[in-house]
Amino acid sequence: MTEVMLRLEGASKTYRQGPAEVVALAPTDLSIRAGDFVAVMGPSGSGKSTMLLLLGGLSDPTTGRVTIDGHDVASLTPRQRAALRRRSIGFVFQELNLLPGLTALENVTLPLELDGVRFRQARGQALAALERVEMDRFADRFPDELSGGQRQRVAIARAAVGPRRVLLADEPTGALDTVTGEAVMRLLRAHCDGGGTAVMVTHDARLASWADRVIFLQDGRIVDDARDADPSVLLPGDAR
Amino acid sequence: MSVRNGLLALLAEEPRHCYALKAGFEERTGQAWRVNIGQVYSTLERLERDGLVEPTGSGEGAARSYQLTGSGLRQLQEWFAQPVMLDPPPRDELAIKLLLAVGAPQVDVLQLIQRQRAALIRVLQRYTHQKELLDEETELPSVLLHDSLILNAEAQLRWLDLCEARLRRRGLLARPATGTEPAA
């Protein structure tokens with residue numbers, strides 16, 4: 001359970017903005033293991049989303065190295081990289097990006113079919129994923145027939161379908177109410193308790209507190225990496 | 001003050017003896033507030049002296065059971081009817097520390113904010129995990145108490161965010177944070 005799923009080694013990202021160079025992420029070392037639920041927090045422009053894009057192999061680092069499930073991303077061809085992403089990583093975004101013309105089941109089946117999984121098998125895996133998020137009875141509904149919370153559950157099922165073990169989420173609860181947002185956290189928690197990995201960018205401390213690790217970014221640097229506290233240790237602010 | 005009113009509230013439900021009052025108080029306040037039996041005894045004595053409770057029978061010591069009197073009930077109703085006033089606010093050590101840090105020489109305010117933030121997040125993680133283990137059906141007071149603790153910690157975190165943003169805008173956080181690399 002301790003294998004490293006995602007690793008940044010001196011990975012940085014610099015953008016050119018006119019004549020100026022903007023450091024979105026300073027050289028960063030980070031290891032995220034199987035079973036880890038990691039939240040990334042920080043003010044806007046602190047590098048949260050950049051870090052998520054690097055971890056997901058969606059963006060190349062300016063310097064350093066990104067490893068996903070043991071594969072050095074830079075050593076892969078674009079085709080291999082796309083295949084690695086499809087097989088290893090699911091993305092959950094605030095904007096759900098479910099395809100409106102497809103049912104919940106078809107939405108979840110789609111990434112498997114794109115990966116060449118046979119229809120029957122894909123359908124079975126998709127139904128299992130929907131079952132894990134308690135959405136199997138809505139399998140035949142179209143996205144606009146579902147509530148916001150239900151759509152987000154389908155999005156998580158799609159992200160976690162098949163063999164994918166890593167979920168990368170950017171503000172995954174978006175405009176959902178508190179109780180529905182907590183339900184989404186419970187799903188991510190369960191994914192990690194089952195040996196999966198989740199990295200979630202959020203500005204919401206209450207949601208971040210569901211994670212085992214909370215990483216704070218400031219000006220493109222990690223300034224704190226808070227791991228779940230030993231319950232026997234009293235901490236400042238803990239009056240009781 | 002609250003132990004006194006807490007005992008009145010419990011006795012309004014049914015007559016109880018000392019140990020039942022102690023257990024009831026702790027259970028109903030989500031185990032957040034331990035009271036010792038001596039405190040319950042002495043509070044009961046004062047309530048009896050003030051005519052707010054009376055013994056129900058002739059039992060002695062711990063076996064003695066108490067019930068609410070008419071004036072006890074009126075005082076309890078009055079307590080429930082009054083909103084809890086946070087004005088003036090209770091002293092807030094974090095707020096005072098941060099306010100004094102702003103403009104103090106040799107204080108890295110950004111680091112102070114960040115350390116506080118990390119400490120609060122750890123506390124919040126603990127509350128969240130504890131709350132997940134509770135059963136809303138059978139442990140509702142503890143669930144509600146954890147909601148309160150979580151939301152208060154969240155409020156402090158949001159205040160820290162706001163402080164950072166304001167200080168940054170006014171150029172009062174000029175010193176860059178010294179980044180520490182995470183443990184691999």
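Two strands are taken to pair if DSSP finds at least two bridges between them, and the strand pairings in the close-up views of this predicted model are described on that basis.

View 1. Strand E4 (residues 63–68) of chain A and E5(A) are joined by 2 bridges and pair in the antiparallel sense, with Ile68(A) standing opposite His71(A) in E5(A). The open sheet to which these strands belong has 4 strands in the order E2-E1-E4-E5 (chain A), with antiparallel pairing. Strand E2 (20–33) and strand E5 (71–72) of chain A each have a single partner strand and stand at the edges, so one side of each is left without a neighbour in the sheet. Helix H1 (residues 48–55) of chain A packs on this sheet, where the helix touches strand E1 (4–17), E2 and E4 of chain A and its direction makes about 125° with that of E1(A).

View 2. Asp29(A) is found in strand E2 of chain A and is partly exposed, with 15 other C-beta atoms within 10 Å. Although Asp29(A) and Tyr15(A) are 14 residues apart along the chain, their C-alpha atoms are separated by 19 Å. Lys48(A), which lies in helix H1 of chain A, is buried, with 26 other C-beta atoms within 10 Å. Not counting residues up to four places away in sequence, Lys48(A) touches Val40(A), Gly42(A), Val201(A) and Leu217(A). From C-alpha to C-alpha, Lys48(A) and Met200(A) are 9.4 Å apart in space, while 152 residues apart in sequence.

View 3. Strand E8 (residues 197–201) of chain A is mostly covered, and 5 of its 5 residues are buried. In a regular strand the side chains alternate between the two faces of the sheet. Here, Thr197(A), Val199(A) and Val201(A) point one way from E8(A), Ala198(A) and Met200(A) point the other way, and all are buried. Strand E3 (residues 37–41) of chain A pairs with E8(A) in the parallel sense over 4 bridges, and Val40(A) in this pairing stands opposite Val201(A) in E8(A). Strand E7 (residues 166–170) of chain A likewise runs parallel to E8(A), to which 5 bridges join it, and Leu168(A) stands opposite Val199(A) in E8(A).

View 4. In strand E9 (residues 213–218) of chain A, which is mostly covered, 6 of its 6 residues are buried. Both faces of E9(A) are covered, with Arg213(A), Ile215(A) and Leu217(A) on one side and Val214(A), Phe216(A) and Gln218(A) on the other. E3(A) and E9(A) run parallel and are joined by 4 bridges, and the bridge partner of Met41(A) in E9(A) is Phe216(A). With strand E10 (residues 221–227) of chain A, by contrast, E9(A) runs antiparallel over 6 bridges, and Arg213(A) has Arg227(A) as its bridge partner in E10(A). The hairpin of E9(A) and E10(A) has 2 residues between the strands, and Asp219(A) takes a positive phi near 50° there.

**View 5. The nonpolar cores.** The largest nonpolar core has 77 residues, of which Val40(A), Leu130(A), Ala157(A) and Leu188(A) touch the most other members. Helix H5 (residues 148–160) of chain A contributes the largest share of this core, 6 residues. Apart from this core lies another, of 15 residues, among them Leu11(B), Leu21(B), Phe25(B) and Leu47(B).

View 6. In chain B, 3 strands form an open sheet in the order E1-E3-E2, with antiparallel pairing. Strand E1 (16–17) and strand E2 (53–55) of chain B stand at the edges, each with a single partner strand, so one side of each is left without a neighbour in the sheet. E1(B) is joined by 2 bridges to strand E3 (residues 65–68) of chain B, in which Ser65(B) is the bridge partner of His17(B). Helix H1 (residues 2–13) of chain B lies across E1, E2 and E3 of chain B and runs at about 90° to E3(B).

**View 7. The helix pair H6 and H7 of chain B.** The axes of helix H6 (residues 109–132) and helix H7 (residues 140–169) of chain B come within 10 Å and cross at roughly 160°, and H6(B) and H7(B) are therefore roughly antiparallel to each other. The crossing in which H6(B) passes H7(B) is left-handed. Residues of H6(B) that include Ile113(B), Leu120(B) and Tyr127(B) meet residues of H7(B) that include Ile150(B), Leu157(B) and Leu167(B).

How values were computed: Residues numbered from 1 in each chain as written. Chains lettered and ligands numbered in written order. Predicted model: local features only at pLDDT ≥ 70, side-chain atom pairs only at ≥ 80, totals over all residues. Contact = placed C-beta atoms within 7 Å. Axes fitted to C-alpha atoms, helices over the stretch in contact; angles between N-to-C directions. Core = buried A, V, L, I, M, F, W, Y, C linked by C-beta atoms within 7 Å. Buried ≥ 20, exposed ≤ 12 C-beta atoms within 10 Å, placed from the backbone. Parallel < 35°, antiparallel > 145°, perpendicular 65-115°, else oblique. Left-handed = near helix turned anticlockwise from the far one by under 90°.
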